[in-house]
Amino acid sequence: MKRTLAILPLLICPLAAQIPRAQPVNPALQAEPATDYFLRGKNLYDSAKQSTDLLQRRSLYERSASIFESYLSSYPDHPNAEMAWWYLGNSYYQSGRIQDGKRCFSTLLNRYGKGKWAAAAAYTLAADHYNRGEYAFAAPMFERYALHAAKPEERPRGNYFAGNCYRMLGRDRQAVAAFQKVVQDPAGGLFASQAKLALGHISIKLDNLTEALETFESVINSNTLAKYRGEAALHAALTATKIDQTDLADRYLQLIMRTPGMEEYRPDAQIALMGNHYAKAEYDQVIRIFSASSSKAEGDKEAARLMIAARAYMKLNRLSEALANFREVERLAKAQTDLAFEASYYRLLCFFQIEGRHVPDQVDAFLQLYKRTRKDDPRIHTALMMKAETLFANRQTAEAAKVYSQIDAAAVSAKNQPGLFYQRGWCLSEAGDFQGAIRSFTEFITRYPQDKRVDSAIAKRAKAFVESGEPAKAIADFDTLTKPGVPEDLTSYAWLESARMRRADGNIDDMIIRYKGLLRNVGTLSENLQAEANYWIGWGLVKNNDAKNAIPFLEKARKLRPDAYRKHAGILLALGYFASQDPAQLADEINHAIIHGYQEDIPEQVLQWSGMQSFNSGNFAAAAKCLGFIASPDEPRANPKEVWRYLGKARLETGDNEGALTAITNVLAVEDSTAWKADGLHDRGRALLNLKRPAEARIAADEAMALRPQGRTSAKLRILIGDLEMHDGNPKKAAAEYLIVVQFHEDAEIKPEALWKLVKAFESAGNSPEAEKYRQQLKAEFPDWTPPVK
């Protein structure tokens, strides 16, 4: 990895930087064929460099190489020949002909050994050797590049990479000499810092720790880039630790942790700092350092960093955070190593302490990895205990029993005997052997009445009695759990399960008592169970013909769980409001049913009563909805006449004249009463007039009058006939009809309408005095009346 990283800068940036500026003979002053030929190759080369299309670029480099090859063949001694050899070599390189390129660079070095173009060729060959790991060949080429560098800043670059090559070869003396040239070079720049770092590492290798520390400190105290200062600080800290200067080491590690640009070295700095504080039992400090930076190391180094943090989290009882870090250590560390085994064990311990759901699976994986090679390790048996206890806590008792048998069950102490009876009862119950479970639990309850698990055993035995068809014994156990002193979760279980059992048995009265006991005695009941209890209490009361008292329970159930009880509670609530003769609430309930699409499940009797009540209270829209659900257009005679009659009137009032006409036609087809038939004909006439069908409306009105109706029907027909006369442009005839109503009918609903229309008729007839007279009468007798909105 170091080799690849080190050479990347050689391949990406510096190659282009090493090209000396081309200065061919000025063609304006000395035009000649050779110069023109050279410039043709140079132009193609420049075009290739600027091209973004890879295929086109390669083609241009190939063409450029062809020109330069011909040029050098024809003009080998031309002043531009030295440049041409470099351009030819690089054209070959860029077009994939590496060996041809190297041949050109070698020729250039042999013929023009000290020129700037030879230096550029040396650099390219050096990079090629370096990439191949041929450091012995690369080093002298880098030195040659430095010796004949075209620019001062290129000199330290060559010496630095030459030093790297010698260092790779283990030739420390020559490496030191190359790095010293960089440090002493006025143009050393960033390479000077890198060279000092290399010199420091060589000093450590040679056990010159004080000298190494001084070298690293010189980089730390310089104005170089933060990443170089960070590397120097890390190695200065490690070196200071070796010579027992721990305070100085901590100072340099803290410098890395807080300085921007040194992020690359923070994981190593963290590991060192964390290890120091963990050894002193300063666990909060370990976590503070760990949390201060998000930088990560790699491989075993990262695993070591995370292990220290995980152990510190565990010491602080921050188990979830410890678990996550142990898991990451396992991922990074190699299997079967002590680090991996230790991390896996501690992760299981954390998992068990926080009651993780997957402890058994985790233990199985742990045992699969380590049981064979570490079978006598106490931590293997501790892991088995974790699995067994977790399975038992999760009520996977049969599986738990199998695991307990692996933990040396031959020597069970008296202390563990209660657990065996208890576990056996659970195992048998889960396996479906309910009689065996009853016997085991009974033995446990009888022998160990003070055991804290007795209540749990009674609850499990009660369920076994239910499954065995012994309800009386089950109820006795459930009732034992409803007494004071029993944990609330078991009390809740007893009330709930006994209520459900009674519901299944059809014992509605006792079911209601037990659900009420659940609500009354359990304060921490979940909303789901509250909803269940309230619904079934309401259901039971409805079944017992006490629908009125069921209302508050059903409303509560639906409020708590609308998704589960919206429809079923809504239907029962409709029955409750019907039973309590509460038309407003019933209308709201039916509207709720319409919104949520279960109105068809509400009994027709309830819908009809609600529709009639809505009509009488003036809520014609609600009346039309309710009665419309009952009405059967395909079989009109299947519905009571009242449904069609009041459906027609409600639709007439809401402006649904076509719908009203259908309903009125259906009621007239079956109507026997003369009075009601006249009423229906009036409604038909009104609907037809509203539909702009006055001729048919008059026929209906005449048929109705022929039946000699009385009272309100007669008055309404007079108003209808008056309206027809007004429609036909006969205001005087209309006034005569309205006047009959005004003079002979005192109905508070009809008379003001007749007065209002009489005023309009006189106005249309041009009789202003009469119009004013009746306007004043209307105002005097019905001061609060307002005309209907059309």
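Predicted model: local features only at pLDDT ≥ 70, side-chain atom pairs only at ≥ 80, totals over all residues.
Which helix is Ile256 found in? Ile256 sits in helix H14, residues 246-258, where helices (H or I, at least four residues) and strands (E, at least two) are DSSP runs numbered from the N terminus. Residues are numbered from 1 along each chain as its sequence is written, and side-chain values use heavy atoms, with hydrogens and water left out.

Back to Ile256, then. Ile256 is buried, at a relative accessible area of 0%; buried means under 20% relative accessible area, exposed over 50%, and partly exposed in between, with a 1.4 Å probe and protein chains only. Leu234 is 22 residues away from Ile256 in sequence, yet their C-alpha atoms are 7.3 Å apart. If we leave aside neighbours within four places in sequence, Ile256 is in contact with Gly230, Ala233, Leu234, Met262, Tyr265, Arg266 and Ala269, contact being heavy atoms within 4.5 Å.

Let's move to a charged side chain. Glu725 lies in helix H39, residues 711-727, and with a relative accessible area of 10% Glu725 is buried. Not counting residues up to four places away in sequence, Glu725 touches Arg698, Asn730, Lys733 and Ala734.

Now for a pair of helices. H28 (residues 508-521) packs against H29 (residues 527-543) at an angle of about 150°, their axes 9 Å apart. Those axes are lines fitted to C-alpha atoms, for helices over the stretch in contact, and angles run from 0 to 180 degrees between N-to-C directions. H28 and H29 are therefore roughly antiparallel; the classes are under 35 degrees for roughly parallel, over 145 for roughly antiparallel, 65 to 115 for roughly perpendicular, and oblique for the rest. On the H28 side, the contact residues include Ile508, Met511 and Tyr515, and on the H29 side they include Trp536, Ile537 and Trp539. The contact divides into 11 nonpolar, three polar and three charged residues. Here Ala, Val, Leu, Ile, Met, Phe, Trp, Tyr, Cys and Pro count as nonpolar, Asp, Glu, Lys and Arg as charged, and the others, Gly among them, as polar.

On to the aromatics. Rings of Phe, Tyr and Trp (its six-membered ring) pair if their centres lie within 6.5 Å, with planes under 30 degrees apart called stacked, over 60 edge-to-face, and the rest tilted. By this rule the count comes to 38 aromatic pairs. Tyr71 and Tyr75 have ring centres 5.8 Å apart and planes at 40°, so the pair is tilted. Tyr71 is buried at 0% relative accessibility, whereas Tyr75 is partly exposed at 28%. Tyr422 and Phe441 make an edge-to-face pair, 6.3 Å centre to centre with 70° between the planes. Tyr422 is in H23 (residues 417-431) and Phe441 in H24 (residues 434-447), so this pair ties together parts 19 residues apart in sequence. Both ends are inside: Tyr422 is buried at 4%, and Phe441 is buried at 0%.

Last, two loop residues for anyone who likes backbone angles. Most residues other than glycine have a negative phi. Asn317, though not a glycine, has a positive phi of about 65°; Asn317 sits in the loop between H17 (299-315) and H18 (319-332) and is exposed at 56%. Arg708, also not a glycine, has a positive phi of about 55°. Arg708 is in the loop between H38 (694-706) and H39, and is exposed at 69%.
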